[in-house]
Amino acid sequence: MQTRPDNEANFIGHTSCDACGSSDGNGVYDDGGGKTHTYCFSCSTYQSDSERDGEKPTTISNQAGEKSQSLLKGEAKALAARGLTEADCAKFGYWVGLNHKGEQVQIANYRNEKGSVIAQKVRGRDKSFQFIGDSKKAPLFGAHLWSKGKKLCLTEGELDAISLSSCFQHKYGVCSVPTGAAGAVRAVKQNFEYINGFDEVVICFDMDEAGQNAAQAVAEVLPAGKAKIASLPSKDANEAILQGKRSELVQAIWQAKEFRPDGIKSAKDYRSTITVDEAASAITWPYSVLNDTLKGLHKQTLTTICAGSGTGKTTFCKEMIHHLLMNEQKVGVIALEESNKRTLLGLVGIHLSKNLLIDRDQATDEEVLGGFDDLFNDKTCYLFDHFGSTDVDLICQRIQYMARALDIDWVILDHISILVSAQEGDERRMLDAACTRLRQLCSSEDIGIIMVSHLRRPDGRGHEDGANVSLSQLRGSHAIAQLSDACIGLQVDPDDPDSDIRHIKILKNRHTGQTGHGGTLVYSRETGRLTEMELSFLEENDEDESADES
């Protein structure tokens, strides 16, 4: 279901909302072809004709029959309840008159550049609104009063425009958009040339959520450096003058802050964080040399693990997952080449230091379940049950869900190559797009992503025979190397390719710039663990000493 107004639809008027009980917060829009929809700015409820249980379109529509209605007549009168004088209303052409049913209404006249009334917005006693004429073609309310100038203030409603203008004795340009916050962007685009004729545009929309969201959206449309957004002393300009805050309202206009798009910040914004040391992270790698060189694991980063076929990438990832869980980190796992059951059994094996994937008889069912409970009962780990699906968009959506809904800190993706291998098209371009999406997720969701990438087979000696790993061998795309904050290669021992020794090679290190040797690991076929060589030797010595003592 749609959850926001359609800025391209033709606004008709306001009515009550059955969902929240608002008397006038429900906007009605003409979708064409006799169809309408409503969007309530009080409760964000969207309903089409069909969703309103088959009801006929609301009766305040301005479709073909009403568009041909003649314009209403009226006269300017003081609106005491609004704090506006007769002169204020006369200035803008805001009248009191009778509608075609003989009911007293307020009439906002919309005039073209020649001053001729081309549309009217009619406000009834029940706060309902109706346009006579085409609201899509209506100019800004009050635009006929002002030509090019230094300052133009934009409000949501006609009464707000009159109220604000009265505070300046009608000396500065003040206009309102025809259809409130919902149609603000469309109105600004339609009247862009007129608005751009002013040196500065101060957006004075309502201080509620809908108004402020619309203010941001309008500011994005205007040329850079032209827009400012005012923080009003009351909900809107008219309420401010009713509360006796005219001087505060004027100050709000003069003190309006220049709009800066998302991502553009002043250097002064970083003063409180400039002295915070970000060189080291409290979250560690499971291997000491990587910690010393990379200064820990960092969120908002993309780390790539690469190696040749069969050299231990998946085992390395399981060691990473286990280490993060044991350090109270929340982990999401997307293992695309194996079932979740196998991933979990491997993790339990690491926790028990038993190679359950190779020899399930190393532990009884009770021991496996005990290890499972010990590892996962008070830890947060979610796995994506992909059912063979490797669609990039789907994977990115699941990562975003893990981050936003499940508060995941780290995502392990094994591996990125499979995301595009089954899809038709240019593999390099698809990998570029996938890496870009993943890198953006790191920053936008404040997570760290550790992904596995395959390597191209080098000429001559293969990686399984001890060939060196390099960035240029990353399969399919330079984007993997360019967008990753760190790249870590695993390679077998060139002097003994059949051994269980794995050398870590740091290929890229954006944190400190230091690359090269990252430590030596040994894989134990008995325990299924991938440990640092020094630790492995210590464990072997401990076992020998225990055997001697026995």
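Reply: Let's start with one cut-off: a residue counts as buried when its relative accessible area is under 20%. Also bear in mind that the model you're looking at is predicted.

Me: How many salt bridges does the count come to?

Reply: The count comes to 17. Another one to look up joins the side chains of Glu158 and Lys121, at 3.4 Å from N to O. Glu158 sits in helix α3 and Lys121 in strand β8, 37 residues apart, so this is again a link between distant parts of the chain. Glu158 and Lys121 are both buried.

Me: Which residues are linked in a network of salt bridges?

Reply: Salt bridges link Lys151, Glu200 and Lys228 into a network.

Me: Now a single residue. Where is Asp485 found?

Reply: Asp485 is in the loop between α16 and β20. Asp485 counts as buried because its relative accessibility is 5%, and the cut-off is under 20%. Leaving out residues up to four places away in sequence, Asp485 touches several others, including Gln300, Leu302, Arg439 and Lys508.

Me: How far apart are the closest N and O atoms of Arg439 and Asp485?

Reply: They are 3.3 Å apart, and the two residues form a salt bridge. Arg439 lies in helix α15 (residues 427-445) and Asp485 in a loop, so the pair ties together parts that are 46 residues apart in sequence. Arg439 counts as buried too, because its relative accessibility is 18%.

Me: Sequence and space can tell two stories, then. How many residues apart in sequence are Asp485 and His298?

Reply: They are 187 residues apart in sequence, yet 9.5 Å apart in space, C-alpha to C-alpha. His298 lies in the loop between α9 (288-294) and β15 (302-307). With a relative accessible area of 12%, His298 is buried. Its side chain reaches two backbone oxygens: that of Leu294 at 3.3 Å and that of Lys295 at 3.1 Å.

Me: Next, a helix. Which residues of helix α8 are buried?

Reply: In α8 (residues 246-254), the buried ones are Leu249, Val250, Ala252 and Ile253. They fall within an arc of 155° seen down the axis, so they line one face of the helix. What covers them includes β10 (149-155), α3 (158-167), β12 (198-203) and α7 (237-242).

Me: And a sheet: in what order do the five strands of the open sheet come?

Reply: The order is β5-β6-β7-β8-β9, with antiparallel pairing. At the edges are β5 (74-75) and β9 (129-132), each of which pairs on one side only. Strand β8 (residues 117-123) pairs with β9 over four bridges. Arg123, for instance, has Phe129 in β9 as its bridge partner.

Me: Last one, rings. How many aromatic pairs does a search of the whole structure find?

Reply: It finds 10. For each pair, check the distance between centres and the angle between planes. Phe92 and Phe141 are stacked, at 5.7 Å centre to centre with 25° between the planes. Phe92 is in helix α2 (residues 86-92) and Phe141 in the loop between β9 and β10, 49 residues apart. Compare Phe372 and Phe376: their centres are 4.9 Å apart and their planes at 50°, so that pair is tilted. Phe372 is partly exposed at 31% relative accessible area, while Phe376 is buried at 12%.

Me: Which residues do ring pairs link into a cluster?

Reply: The cluster is made of Phe92, Tyr110, Phe131, Phe141 and Trp146.

Terms used:
Residues numbered from 1 in each chain as written. Predicted model: local features only at pLDDT ≥ 70, side-chain atom pairs only at ≥ 80, totals over all residues. Heavy atoms only, no water. Buried < 20%, exposed > 50% of the residue type's maximum accessible area, 1.4 Å probe, protein only. Helix = DSSP H or I, 4+ residues; strand = E, 2+ residues; numbered from the N terminus. Arc of directions from axis to C-beta. Contact = heavy atoms within 4.5 Å. Polar contact = N/O pair within 3.5 Å; in protein donor to acceptor, adjacent residues only side chain to side chain. Pairing = 2+ DSSP bridges. Salt bridge = Lys/Arg side-chain N within 4 Å of Asp/Glu carboxyl O. Phe/Tyr/Trp six-rings, centres within 6.5 Å; stacked < 30°, edge-to-face > 60°.
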